[in-house]
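Here is my note on the model, point by point. Please read it with the structure open.

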Amino acid sequence: MTVTDTTEPLIDAGEQARLTARRRERVLRWLLPMLTVIAALVLWDRIVVWNAIPHYILPGPGLVARTLVQDAPILFPALLVTLQITLMALAVAVIGGVGLAVLFSLSRWTEMCFYPFAVILQVTPVVAIAPLIFIYVENRLVGLLLCAWIVAFFPILSNTSLGLRSTDPNLRDLYTIYGASRWQRLRYLQLPTALPYFLGGLRIAGGLSLIGAVVAEYVAGTGGIGSGLAFRILEAGYRLNIPRMFAALALIALTGIVIFAALSLISHLALRKWHESAVRRTE
Amino acid sequence: MVVTWRKPKPVGQRPPLMRMDGVDKVFPGGIRALHDMTLQVNEGDFVSLLGPSGCGKSTALRLIAGLMQPTRGEIRWEGTAEIGVVFQEPTLMPWATVEENVYLPFRLKHRRFVQVAEDIRLALRLVGLEGFARAYPRELSGGMKMRVSIARAMVTRPKLILMDEPFAALDEITRHKLNKDLLELKEKISSTVIFVTHSVFESVFLSDRIVVMAARPGRVFRELAVPAPYPRGEEFRTSADYAALCRTASDTLHHAMGESA
């Protein structure tokens, strides 16, 4: 290589164009979805204004935002209740799902005996089971938790089970040669292999536990301790307070997005060192 | 720390390490993978199992590793079987760093990392990967991953290292380099190696004994001695002796294949 007196690296026109294209794509990746959402909101607003739709049929986005602020004293405590049930259900789903998956992998017999029950719980719609649960379970919080858990635990169980079975056969042989115990095999080989699968299941379960919590609240209906967001939507519906229904709906959707983003972040942080899904490629 | 690898002994004076006696392996369905295999391996040997695919060389290796039990015959060890293995793929745990991967055999024997940190460092230095202890496998090239795999196999200083076509998936240049480095390594640690390969050139370059195997059923066809002294380097690879030995091994292999075809 010859020494040149320019400190800038030499880039030809083609490379320059590729760099510009890449930079443009980086900006557009954020800008484009944001613009689409804003355009949709503007369109919604215009449709309401141009057609003079009354707010008790379809409120505009501005009114929904105002209601969100005005009704904050009602909506935010309700959000906290729903969020509390969602997160508790997710926690129980993680413990139950991973626990069952580990138990199944340790004992084929247990898996053969109990897997059908897990599938039955998964395929039966929670709205159909929930009324029964609220008849048998005295405590409303426990009932709500149970409903949300039934919806959320299966993806964790099935993904973690798949992961625990997906170990590299050569590594399995290696562990056998070194005389690894069942526990060591689980701790050092199966659980790390299952981690990406589990995290995939966790992201699905996060959304599902919110859905489970909301559905359970609907079924549990009014009265009792619960005054979560679903209860507020029901209540607003009875009073034809459509803007508040929209505001509560927006809050639920936002909560779902935040949960998904948080779990994606956790997943990324846990895998970024080694897993192909999270490793950033340089070119 | 003092390096206390076992000292090598000249061929002919080596004490026996392991012996396969009339070993048969029949798989379910009646496929006879290995027939009447007898093989004695002595301390310090570098034995190559050379043969076409289907000759049972990998089966023999799995039997020696204790991953399968023979249908007939027995495998006897002098003392306890201490084995290190290198597979055709590097077989590293992608979630663990290089040093954690090399630590694995110790970890499974309930040794603390700090107790064996020096052994791990030494093993990595011997394979020329000192600076990569904290790297993850995906950051390494194919040849470097293989080196980690070799470091892991020898870090516990096992009596016997089994290698199942470890360099078959690598390119020619990397393969030559690793062959040369493997010999230097073996000189340094003077361990015993059983090396499965289907490359005549590789087997002659590396081993002091070549066991040529034939297929259908898999069996030992003939055993060849490679009398060339170690250390062997580039000058051996280009010597007339080497060419003659390769010719002999190649002819034997062709006989073995002709007979079974």
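1. Charges of chain A. The 23 positive and 15 negative charges of chain A have mean positions 5 Å apart. Lys and Arg count as positive, Asp and Glu as negative; His and the chain ends are not counted. Each charge is placed at NZ of Lys, CZ of Arg, CG of Asp or CD of Glu.

2. Basis. This is a predicted model, in which local features need pLDDT of at least 70 and side-chain atom pairs pLDDT 80 or more, while totals for chains, interfaces and linings use all residues. Residues are numbered from 1 along each chain as its sequence is written, chains are lettered from A and ligands numbered from 1 in the order written, and side-chain values use heavy atoms, without hydrogens and water.

3. Fold of chain A. Chain A has ten helices and zero strands (DSSP runs: helices are H or I, at least four residues; strands are E, at least two; numbered from the N terminus). Its radius of gyration is 25 Å, well over the 19 Å that the globule rule gives for 283 residues, so chain A is more spread out than a compact globule. The radius is taken over C-alpha atoms, and the rule is 2.2 Å times the number of residues to the power 0.38. The C-alpha trace of chain A spans about 75 × 70 × 25 Å along its principal axes.

4. Burial in chain A. Of its 283 residues, 39% count as buried (under 20% relative accessible area; exposed is over 50%, partly exposed in between; 1.4 Å probe, protein chains only).

5. Fold of chain B. Chain B has eight helices and nine strands. Its radius of gyration is 18 Å, which agrees with the value near 18 Å for a compact globule of 261 residues. In chain B, 55% of the 261 residues are buried.

6. Charges of chain B. Chain B carries 36 positive and 30 negative side chains, with the centres of the two sets 3 Å apart.

7. The interface. Chain B gives 23 residues to the contact and chain A gives 18 (contact: heavy atoms within 4.5 Å). About 2,100 Å² is buried between the chains, 67% of it from carbon and sulfur atoms. B:Trp95, B:Leu108 and B:Arg138 supply 34% of the area that chain B buries against chain A, more than any other three residues. Buried area is the accessible area (1.4 Å probe) that two parts lose on being put together, summed over both.

8. B:Asn101 lies in helix α2 (residues 98-107) of chain B. B:Asn101 counts as buried because its relative accessibility is 0%. Beyond its neighbours within four places in sequence, B:Asn101 contacts residues including B:Leu92, B:Pro137 and B:Arg152.
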